[in-house]
Amino acid sequence: MSAYRIQGATGEWEVVIGLEVHAQITSNAKLFSGASTKFGAEPNANVSLIDAAMPGMLPVPNGECIRQAVRTGMALGAEINRVSRFDRKNYFYADLPQGYQISQLYHPLVGEGSLMVEADEKAGIAEPKTIGIERLHVEQDAGKLMHDQHPTRSYVDLNRSGVALMEIVSRPDMRSPAEAGAYLRKLRSILRYVGSCDGNMEEGSMRADVNVSVRRPGEPFGTRTETKNVNSVRFVMAAIEHEANRQVDVIEGGGRIVQETRLFDPDRTETRSMRSKEDAHDYRYFPDPDLLPLELDDAFLSDCAASLPELPDAKRARYEGPLGLPAYNAAVLTADVETARWFEALLAASVAASGRSEGELARTASNWLISDLFGALNRLGRTIDDSPVAPENGAALLALVADGTLSGTLAKQVFEIMLETGEAPGRIVDERGLRQTSDTGAIEAVIAEVMARNADKVAEYRGGKDKLFGFFVGQTMKAMAGKGNPAAINELLKKALG
């Protein structure tokens, strides 16, 4: 597949993309205060004296925030800096009470790492690609201005002020909106596996600043723009596509690209200028005098490493290897940590219910989850997190099919009742009489009745119309209300029809 190119009036252009992802660290308290980080609180309800920058208030680092950032760096295969330092980034804005942001510029907590995105022909990614990560540093979030509460005034909500963020800065290694989307999805997946960020982009706990420039293929980088605070993968991809095409139009029209900060308008699917950055690049960084350097010892680093779960790539390799799952199934099941957990609970319950090995059960369990359960959840507008069917009940349903208690048709009926009631399948089968019939005597009696009612069809079948066999199967299943064992019905019908 050819590389992603923008076809301008004067020829082809290549897009160069880098992402700065801000991820809110999972913690009950802010980076330098004990104030709550709970989303959705009343404005200015989660604000301590430190967050409000009252005189004499000194910051104290939240150890859990540092731990989560280090664990994330390890999951990204990045260099962990044993000594790091906080700096003050000075700028003045209404939602920044201190007049500066505590961040890390010169000595970040985490250094270089990388992330690999998988090939996806449908998305236009022809082969796996490694995206470099320049750094991960820890910093405070700012507050939020609210412009829609009063006709002539803007209000300030400081609930987010001081919330701990990881800023994960990529190299400018992405060359298409699809690659950027895949990178962001993979990064979100890793953060959720690690548990360092919930990845909820709608609530603002993960958002991206999108750096875009264009150039003729093979030429030096062009001037970039930065589109701030884009809060969904789809919007990131749309912002890149619009901004790259806008830059091509400007250059081909005889203009020049201005290094500036832009905003993305999701309603119009376009970016617009927010402020120029050409004369605003000097934030007068200097070491924060209230905070000592962070020094990480061996015991702390060992504890962080030992606490990491099995990560998506390793889990996917295990699913495809020892479990023998198809590549597609393994990719779907490992894309999100909640799906992987649900599948593993389903598989463990299936092993316990049947006594068979994971390898024997994995394919059937994964196919049912991806096809039947996901299909039902999509229909109901629900996610795996709030599935009305528990993994243990899913395993019990599959066991009832495997031991012949339920036919495929009956299993679908039982599954629909499980979705409505959340009940265990065994109870549904017993209370509603949905058990499959394998009694040969009962089946033979029904077959005799079906043949007696359709003597003409019997004669035609015996005269050579073999395709009528399906008719007799259907009539027998109908007469038994779908409870007849299909294999037994087929075998007994062949014998009865001669």
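**Exercise 1.** Is Glu243 buried or exposed?

*Solution.* The model is predicted: local features need pLDDT of at least 70, side-chain atom pairs count only at pLDDT 80 or more, and totals for chains, interfaces and linings use all residues. Residues are numbered from 1 along each chain as its sequence is written, and side-chain values use heavy atoms, with hydrogens and water left out.

Step 1. Apply the cut-offs: buried stands for under 20% relative accessible area, exposed for over 50%, and partly exposed for the range in between (1.4 Å probe, protein chains only).

Step 2. The relative accessibility of Glu243 is 0%, so Glu243 counts as buried.

**Exercise 2.** Which residues are linked with Glu14 in a network of salt bridges?

*Solution.* Step 1. State the rule: a salt bridge requires a side-chain nitrogen of Lys or Arg within 4 Å of a carboxyl oxygen of Asp or Glu. By this rule the count is 36 salt bridges.

Step 1. Arg175 pairs with Glu14, their closest N and O atoms being 3.8 Å apart. Arg175 sits in the loop between β10 (164–170) and α2 (177–194), whereas Glu14 is in strand β2 (residues 11–24), 161 residues apart. Both Arg175 and Glu14 are buried.

Step 2. Arg215 also forms a salt bridge with Glu14 (2.8 Å, N to O). Because Arg215 lies in strand β11 (residues 206–215) and Glu14 in strand β2, this pair ties together parts 201 residues apart in sequence. Arg215 is buried as well.

Step 3. The network links Glu14 with Arg5, Glu12, Arg175 and Arg215.

**Exercise 3.** Characterise the salt bridge between Glu179 and Lys129.

*Solution.* Step 1. The two side chains meet at 3.0 Å, N to O. Glu179 lies in helix α2 and Lys129 in strand β7 (residues 129–140), so the pair joins parts 50 residues apart in sequence.

Step 1. Glu179 is buried at 12% relative accessible area, whereas Lys129, at 21%, counts as partly exposed.

Terms used. Helix = DSSP H or I, 4+ residues; strand = E, 2+ residues; numbered from the N terminus.
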